[in-house]
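My notes follow in the order in which I checked things.

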Protein chains: 4
Amino acid sequence: MNPTPVSLPYSATASLFASVRRQSETLCSPLTPEDMMVQSCPEASPAKWHLAHTAWFFETFVLREFLHGYRPLNEDYLWLFNSYYNAISAQPEKKLRACFSRPSLAEVLRYRSHVDSAILELLEMGAPEEAERRIVLGLNHEQQHQELLLTDIKHSFWMNPLKPVYKLEGPAITGRGAPVREFLVYESGVYATGHSGEGFAFDNELPRHRVWLDSFAIASQPVTCAEYLEFMQDGGYEQPELWLAEGWTAVQEEKWRAPLYWFQEDGEWQLFTLRGTFSVSDLGNSPVCHLSGYEAEAFARWAGKRLPTEAEWETAAATQPTHGNLLESGALHPVANAGTFFGNTWEWTASAYLGYPGYRALPGALGEYNGKFMSNQTVLRGGSCVTPASHIRPTYRNFFPSRTRWQFSGLRLCLTQE
Amino acid sequence: MNPTPVSLPYSATASLFASVRRQSETLCSPLTPEDMMVQSCPEASPAKWHLAHTAWFFETFVLREFLHGYRPLNEDYLWLFNSYYNAISAQPEKKLRACFSRPSLAEVLRYRSHVDSAILELLEMGAPEEAERRIVLGLNHEQQHQELLLTDIKHSFWMNPLKPVYKLEGPAITGRGAPVREFLVYESGVYATGHSGEGFAFDNELPRHRVWLDSFAIASQPVTCAEYLEFMQDGGYEQPELWLAEGWTAVQEEKWRAPLYWFQEDGEWQLFTLRGTFSVSDLGNSPVCHLSGYEAEAFARWAGKRLPTEAEWETAAATQPTHGNLLESGALHPVANAGTFFGNTWEWTASAYLGYPGYRALPGALGEYNGKFMSNQTVLRGGSCVTPASHIRPTYRNFFPSRTRWQFSGLRLCLTQE
Amino acid sequence: MNPTPVSLPYSATASLFASVRRQSETLCSPLTPEDMMVQSCPEASPAKWHLAHTAWFFETFVLREFLHGYRPLNEDYLWLFNSYYNAISAQPEKKLRACFSRPSLAEVLRYRSHVDSAILELLEMGAPEEAERRIVLGLNHEQQHQELLLTDIKHSFWMNPLKPVYKLEGPAITGRGAPVREFLVYESGVYATGHSGEGFAFDNELPRHRVWLDSFAIASQPVTCAEYLEFMQDGGYEQPELWLAEGWTAVQEEKWRAPLYWFQEDGEWQLFTLRGTFSVSDLGNSPVCHLSGYEAEAFARWAGKRLPTEAEWETAAATQPTHGNLLESGALHPVANAGTFFGNTWEWTASAYLGYPGYRALPGALGEYNGKFMSNQTVLRGGSCVTPASHIRPTYRNFFPSRTRWQFSGLRLCLTQE
Amino acid sequence: MNPTPVSLPYSATASLFASVRRQSETLCSPLTPEDMMVQSCPEASPAKWHLAHTAWFFETFVLREFLHGYRPLNEDYLWLFNSYYNAISAQPEKKLRACFSRPSLAEVLRYRSHVDSAILELLEMGAPEEAERRIVLGLNHEQQHQELLLTDIKHSFWMNPLKPVYKLEGPAITGRGAPVREFLVYESGVYATGHSGEGFAFDNELPRHRVWLDSFAIASQPVTCAEYLEFMQDGGYEQPELWLAEGWTAVQEEKWRAPLYWFQEDGEWQLFTLRGTFSVSDLGNSPVCHLSGYEAEAFARWAGKRLPTEAEWETAAATQPTHGNLLESGALHPVANAGTFFGNTWEWTASAYLGYPGYRALPGALGEYNGKFMSNQTVLRGGSCVTPASHIRPTYRNFFPSRTRWQFSGLRLCLTQE
């Protein structure tokens, strides 16, 4: 029931390792060392911290345990770059990460390189199976942080009154046609969800298990900006009956009137993206994103439908190609008509993030990776436009509190068939 | 899918009405008007407010709609005693309830009597079916508030440095033998949960629906004080690895070291109850209560087991007698060896409080009763020693945030069979 | 430098004692025991607590020390009704006072009577000089609480959506003519301020000491509601340049747009008082009250003047009769044309509350009475319409944080002569 | 009553301008661009922001008004680098300053250089008197920010678990002999305080005015670390009777047990400085610093003395040489036996920060410089080891809330002569 052992030949693991690690640094290439210091909301971390923490992960869980004679670059990093693993060491408070001007970016890059050499050395020597399993876990961990890094940088640029652009060039994100949406129908019955087979999966995707599903229909395409605008114009944010009680409280407290990153200028809605600012009217067919789970839920109620459960979502997605607008497209923003269930935006489900029947956390400190967060969070599925393509799969479970909006998070409609 | 129509003959509904309404006032007989003003924590309301709000419920949802020519006692009460129904009116902030010295208790009792007469008049005239359905809903609503009233009074007396006793007399709560606990085993398969049939149920217990359950074993008796003390003495509150991340945060922030209402005197643990203060050593075999969901979860992990899901709990409970130490016993505290699944303490489950497949809230303002709270709450099952006996059933779903401790809340262990 | 010894003959002290003590209970006569439980803002305490705490003061500082063989009614009261004297005992948190349904009002009255008898017994036996000095201190303490009791009840009735009236009958408070205001001019020079002579004074009014004052002119009458309304209509609450930075923050955070207890109904300003609700237009000539120090300061700046320092205020007030609209008038609200410097409203000054040169707190626990609050508070002078007449004098220093509005607090204008 | 006009010849103003401006940049030379992004407490700003804001001050108050045809480098900077001048523009929330990765440090330096050229051009052309007056104000403003920059960097390095050192080299700060302290005695009488004459002063130092002082004695040297350690060892932080009520609350809430920047290692007190970490035992004779006003006040009470008022302090200081351990010494930490009243640490006084009699704020937006902060702050006097020597004078009034500890703030004892 643990993550399945990895069976890549040496050269494959090593070259995967090198390419994922390189990717993190490439994503930072439009950033200055100063950009990489910013932490603009409690959810976010500085980009430099992401680079350091992902190295820490390999050092802590692989090198210190499996590479005989490994010499850490700096003993302080063991706890300085620990995120939340109590079994490893105490940790600096999260909000302090923006204070770590030292070590400098240059030093952090040296730390990465120090770790990289040691990992490659270990692989070359023939790493034990458990070490290799953890290296693959570390690469998946790194991909999660690649996504977070972009999410966080987007927020930090948004909080900067000068509204910098992360990257101008890339495929066009406007001018796409309307998606053709149909409802895929599934009959009642016992289905199986959760990961099985050879490939990598996190412990929270396991074990594969049976579920009963009542007959349902699920949209083949997510909700668009134009549709969400209708909800807004129909007074969606003013009608308490559309909202969960906590959602309505959030609307009042946070003064939500539109998704995050939307703002009005001369009466017209604008949208801030990693690629610059666009008029919403030019992005009407694009999937709406940066919604809280409450907004997703309220929209669905307004539309006379509901959010899918994660089992419904997975059942439908498993029959679809795992393609879409993912990180590698370079769009860095949802675009219309790009795949069906994967990429573009994470999709809020109706399911609380809990352990599957028979769930077991990884043993030891790595058990803190996923399991301890199984309260008051909601499952999201499908990956987004900043998720690496090799990182997503039908069984993948992302999770955030329903109040979260800084993620690329949207929704897809579903309904019970009667 | 609505609550099933009620088919009691007139006299039956009227006499049920009279007896439930009388019960609320009887519960207040040990209290002074001053006691009935106290609101000692954000979860609680003053006892006087409970009396008024339960009258308001009948006035608002029955009399104003169904009794032709009904004259309210005071038009201001329409919103003064509204708890959270946005579709009815604005409401005073919850924390203001402790400011309502006016209307006086005497006036509130007059209000209750005014409403009682009108309801009985309506029943006598032959109430329309929907009116009668709502009267039954109102009685179930009132029973919920009877339970809350006692929970709240317990807390208010606890916050009073003089530690008043609610009621001295009653059946002995100490000196009971150890419970005989066995594990009931269920095979994998499709089960059905949720309410069906004739009797009353809340909308959130509907519809009855199928679920797949993997084989599991569930304890026939809940966890006791003596067992919980072992967890404490084994350092349960000091080991982060036993806790969900949010639970560990709560332990730190709230400085939890024992269940609510436990305190140490001369090195020995004491327990404050509605019946006075006892030594924990005299209550060792009693079910432990006033735990948060996090403590319940940490205990289960420490014990090498887990909490049951609500479907597992209901599947097992449905085969057991709906008896136990409930309000009518007069014990007002859990006692050892009193039934199996019902009474004594609400039991935290592993399930988030969400709508069942096909769930529909009641139409109109009454739809706000249950549905809008379906986020960040956890299901509890089974009723407690302050739950009226006629109020509990196997399908009953109670729900609170996992951090809540002021309820009579404990746990029962479960495990997956493999 | 201690409060001057008291030289009343026995009968005088005893009869003063009896009459002040009776006054507290008389003020409660319009209140129910439920009213006396309410604590509607952090500044306030329940009326019942005021009754108990003032008895506690005599018990703690007089009876326990000076009455041989005194038997307390209840040993728990020593700390239960302690407000803030760390040298005596720990204290319940202030916000818990609303939880003290027990002891009941009847029991608190019995406590008062128990203390009264003992004090009168001590006086009859011939109390030592220090005991008698403390009895007089206790009576002044009780008068302060009489004023607070009314202030707190006013707020509690305001927070009650039914807006009860404390007392209907009493002298008319509307329909008074406009006050004749002149500016009294004082030349530069060395003046003396602070208490001297035989009568009672708090330690913070001592010692009498010299101050240099530059020439100033001070208004003979305070600012009226009509004048304050002009400030409001001129956009006073919208112009940051009129406000201290902290005042402007308070305006934003608290959404202040008018004094406390003003509200708009059908476009007209209404004013809630202890005597019922009136139209501001009928109270235009009355002194404005329930202002924060920030509002007082902003008004003065808008008017091209400033607040007086406490030395300026006292210098002018010392030449005026100590008459005015005080508690005994029964008006319970400021009225136009009632005296010059005393009664109606406390007046914010430009002075921080600090010790006078040579200030010494009383020895022992009583030193905590005044001295420890000498930070971040502002001096107010002159007494209000709920101050007992025998309690006010030119040297009296009241003090509250500038953000406080629940007091009967207004202002008088001043300017520097050049 | 405005700041006195400046009468430096052109070359003098220009060379002063160049040297003060250069000083700011020199202070940043040990810092990386990443260091200059950190904002580690609500009082602090990033070093880069200090550099930009001080340029903004000249641009806003001098160039935009007085240099015909001046072209701002970037129109957005007008509000981006506004600190708190409401009359100029809205401002970004203070806590956002850590998000301003753009403009980059390089760009900010270009901004400074752009402003510098323009100011020098204006001076060369012959600036109007008011422009020159504002340039001098701007230089004093810049010196204040130089001091803040070092204070803020110290805090940011302290929050960094790696505890970087700002500057290793410099004069020795340990190993100094004990200071010889005597008490200087002043007779009762009318004194004059406040600025007069030709040199620069802030508006809050004006006008010079008379005050009456009762006879007092004031120490010629401040309190040392060794003396403060005695207070700590005598239980100073455990005795509520030594503290103002708000101070005692702060001790509890903040868990203060020693001055800021003190920490224990192996049972010995260590002290973090801009020059590295030292044992307190090696700095025993140095003035203690990084005290809140409450700690200063409690120490004085423990010592049987009191803090001086600002008038007492100024009266004594005016007779002493304005020398001491100031920024130019390079010590960057208080040292024993360096002058009498100036340098080393700011000294908390017993005076609230209020306007002097006849105080007038500067006209227009510059009136927001000082006047609007005259509430709930306490005056400190004398300058510190990071105050530029040309910036301090006997009449200089610094001010912070009493709870502030991040400043180089200590105390000097005083007592009333009787």
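Entry 1, chain D against chain A. I started with one pair of side chains in this predicted model: D:Asp35 and A:Arg102 form a salt bridge, with N to O at 2.6 Å. I then counted across the interface of chain D and chain A and got 4 salt bridges. For polar contact I noted 10 residue pairs there, both residues at pLDDT 80 or more.

I next asked which elements of chain D supply at least two residues to the side that touches chain A. They are helix H3 (77-80) and helix H5 (129-159). H3(D) has the largest share, with 3 residues. By residue class, I sorted this side of chain D into 19 nonpolar, 5 polar and 5 charged residues.

Entry 2, extent of the same interface. I found 29 residues of chain D in contact with 27 residues of chain A. The buried area between the two chains came to about 2,300 Å², and carbon and sulfur atoms give 64% of that area. I noted D:Glu34, D:Arg102 and D:Leu162, which supply 31% of what chain D buries against chain A, more than any other three residues.

The area buried is about 2,200 Å², with 53% from carbon and sulfur atoms. D:Arg210, D:Trp212 and D:Asn376 supply 25% of the area that chain D buries against chain C, more than any other three residues.

How many salt bridges did I count between chain D and chain C? The count is 0. Polar contact does occur, in 8 residue pairs with both members at pLDDT 80 or more.

I looked up the largest nonpolar core, which has 257 residues. Its members that touch the most others are A:Trp262, A:Leu411, D:Trp262 and D:Leu411. Apart from this core I noted another one, of 256 residues, including B:Leu31, B:Phe81, B:Leu380 and C:Leu139.

I then listed what A:Trp262 contacts, leaving aside neighbours within four places in sequence. Among them are A:Trp158, A:Cys225, A:Leu229, A:Met232 and A:Trp269. The list also includes A:Gln270, A:Leu271, A:Val280 and A:Val288.

Conventions
Residues are numbered from 1 along each chain as its sequence is written. Chains are lettered from A and ligands numbered from 1 in the order in which they are written. This is a predicted model: local features need pLDDT of at least 70, side-chain atom pairs count only at pLDDT 80 or more; totals for chains, interfaces and linings use all residues. Side-chain values use heavy atoms; hydrogens and water are left out. A nonpolar core is a set of buried Ala, Val, Leu, Ile, Met, Phe, Trp, Tyr and Cys residues joined through side-chain atoms within 4.5 Å. Buried means under 20% relative accessible area, exposed over 50%, partly exposed in between (1.4 Å probe, protein chains only). Contact means heavy atoms within 4.5 Å. Buried area is the accessible area (1.4 Å probe) that two parts lose on being put together, summed over both. A salt bridge is a side-chain nitrogen of Lys or Arg within 4 Å of a carboxyl oxygen of Asp or Glu. A polar contact is a pair of N or O atoms within 3.5 Å; within protein, one must be able to donate a hydrogen and the other to accept it, and residues adjacent in sequence count only if both atoms are side-chain atoms. Helices (H or I, at least four residues) and strands (E, at least two) are DSSP runs, numbered from the N terminus. Ala, Val, Leu, Ile, Met, Phe, Trp, Tyr, Cys and Pro count as nonpolar, Asp, Glu, Lys and Arg as charged, and the others, Gly among them, as polar.
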